[in-house]
Amino acid sequence: MSYSITQSEALFAQAQKHIPGGVNSPVRAFKGVGGTPIFFDHAKGAYVFDADGNRYIDYVGSWGPMILGHSADEILDAVRARMDKGLSFGAPTSIEIDMAEEVCKLLPSMDMVRMVNSGTEATMSAIRLARGFTGRDKLVKFEGCYHGHADSLLVKAGSGMLTLGVPTSPGVPAAVAANTITLDYNNLDSVKECFAQMADEIACVIIEPVAGNMNCIPPSKSFLQGLRELCTVHGIVLIFDEVMSGFRVALGGAQSYYDIIPDMTCLGKVIGGGLPVGAFGGKREIMEYLAPLGPVYQAGTLSGNPLAMAAGLAMLRAIQKPGFYDQLTARVQQMLNGFKAAADKHGIPFTHTSAGSMFGLFFTELNEINTFRDVADHCDGTRFNAFFHGMLKEGVYLAPSSFEAGFMSIAHTEQDIDATIAAADRVMAQLVA
Ligand code: PLP
């Protein structure tokens, strides 16, 4: 049967009447790659099924959470079992203690943790806490890293490295953006220069310790290590935004993968098992600054929601099975090697990156990808878009943007990966035809 998405097309037209752009989060609209967004109906294991009944091998995994694959039995069972006790109380429950203990065990840099409802809430709250704790206003972030959509994070660098930040979205006041400094990822010299000029005004540095929002760009270890040392010297709170990398690149997150201890960590995605969850935490002395212990305010009607805690806890337990991350990493390598061999066969310039079960695909002459500019200026976005649509027709769902990372799940079998490589081979043949 030929590939058809008429149901998705009809749903997209209908959705646009009452939902801005037809979607509840912009990247879902396929603006980056063009064409009609695919409306999903259900998912199981490595596969998602769309409204037309097409099956896709999925390498998006709901943008990261689905590390066990979709609709994993242990997650669904945990949610079902918890559901009958009530959906939300707005009062403490014992399952929140279980969750906090599990998180602090798996990420020993966290003495305490506060649950929230999204990655955005986690980073926004962590930054407020760092500002309250240090009594300083400025924050440093890195070009190409995404930390959610809080005002102070929707900011890009001004005309010079240390000039005032510029909002990347209307609605973000210039006065808010002025306190955000944006530097180059993997460039420690820019951090040194910045700290030399204004370290005593900087509350925190926030970074994706493996970047996953400018496609997948792992850091150099010396960069992360240098950041750690500089932040310690200047009393600046180092925040690892592990919303994506946490429990993804390794059980202990990027901080264990690179053996660097941040002052604070933000979590999301995997920690919620597919339900809306975020978390932030870190050193006791900082976390004790948070209400109700300390003066920095933060709250949430649904924070620590029992269903979300049940899903997240089941997830955290499942990923501790021996060999879990070795298998995931091996599968990623199998796929990337296959893609590279196919690209070489067809004479297509191609590079890949990975960290644990996150990966990046780049149509580029570069052998290494280290910065946002490498992706934006040196990768062939048009070729990626053609590849994306070719793969879609072959039944493989990649992230619909050349600036997004891919994700492997434990449900992906060797056969799924062989099928994915074979599809890539056919699509690449068309790209050069
Ligand atoms: N931080 C990182 C590293 C992310 O990748 C994301 C989302 O993709 C966020 C924060 C924001 O999380 P959420 O979309 O749950 O608000």
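This is a predicted model: local features need pLDDT of at least 70, side-chain atom pairs count only at pLDDT 80 or more; totals for chains, interfaces and linings use all residues.
1. Domain layout. Domain 1 is made of two segments, 6–67 and 323–431. Domain 2 covers 73–318. Taken over C-alpha atoms, the two domain centres are 26 Å apart.

2. Ligand shell. Which residues are closest to the ligand? They are Ser118, Gly119, Thr120, Gly148 and Val243, out of 16 residues that surround the ligand. Helix α4 (residues 119–134) gives the most to this shell, namely 3 residues. By class, the shell holds 4 nonpolar, 10 polar and 2 charged residues.

3. α11 against α14. Helix α11 spans residues 324–345, and helix α14 spans residues 414–431. Their axes lie 9 Å apart, at an angle of about 20°. Angles under 35 degrees count as roughly parallel, so α11 and α14 are roughly parallel to each other. Their crossing is right-handed. From α11, the contact uses Arg331, Gln334, Met335, Gly338, Phe339, Ala342 and Ala343. From α14 come Glu414, Ile417, Thr420, Ile421, Ala424, Asp425 and Met428. This contact divides into 8 nonpolar, 3 polar and 3 charged residues.

4. α13 against α14. Helix α13 (residues 381–393) also packs on α14, with the axes coming within 9 Å and crossing at roughly 130°. That angle makes α13 oblique to α14. The crossing of this pair is right-handed. On the α13 side, the residues are Arg383, Ala386, Phe387, Gly390 and Met391. They meet Ala423, Ala424, Val427, Gln430 and Leu431 of α14. The class count is 7 nonpolar, 2 polar and 1 charged. Note Ala424: this α14 residue is listed in the contact with α11 and in the contact with α13.

5. α6 against α7. How do α6 and α7 lie, parallel or antiparallel? Helix α6 (residues 188–198) and helix α7 (residues 221–234) have axes that come within 10 Å and cross at roughly 10°. The two helices are therefore roughly parallel to each other. Leu188, Val191, Lys192 and Phe195 make the contact from α6. Phe223, Gly226, Leu227, Leu230 and His234 make it from α7. The residues in this contact comprise 6 nonpolar, 2 polar and 1 charged.

6. Cis peptide. Where is the cis bond? It joins Ala291 and Pro292, with omega about 10°. Pro292 sits in the loop between α9 (284–287) and α10 (306–318).

7. Positive phi. Asn186 has phi near 65°, a positive value in a residue other than glycine. The residue lies in the loop between β8 (180–183) and α6. That α6 is the helix discussed above with α7.

8. Recap for a quick check. For helix packing, compare the α11 and α14 angle of about 20° with the α13 and α14 angle of roughly 130°. For the backbone, look at the Ala291 to Pro292 bond and at Asn186.

Technical notes:
Residues are numbered from 1 along each chain as its sequence is written. Domain bounds come from an automatic or database domain assignment. A residue is near a molecule or strand if its C-beta atom, placed from the backbone, lies within 6 Å of it. Helices (H or I, at least four residues) and strands (E, at least two) are DSSP runs, numbered from the N terminus. Ala, Val, Leu, Ile, Met, Phe, Trp, Tyr, Cys and Pro count as nonpolar, Asp, Glu, Lys and Arg as charged, and the others, Gly among them, as polar. Axes are lines fitted to C-alpha atoms, for helices over the stretch in contact, and angles run from 0 to 180 degrees between N-to-C directions. Angles under 35 degrees count as roughly parallel, over 145 as roughly antiparallel, 65 to 115 as roughly perpendicular and the rest as oblique. A crossing is left-handed if the near helix is turned anticlockwise from the far one by less than a right angle, and right-handed if clockwise. Two residues are in contact if their C-beta atoms, placed from the backbone, lie within 7 Å.
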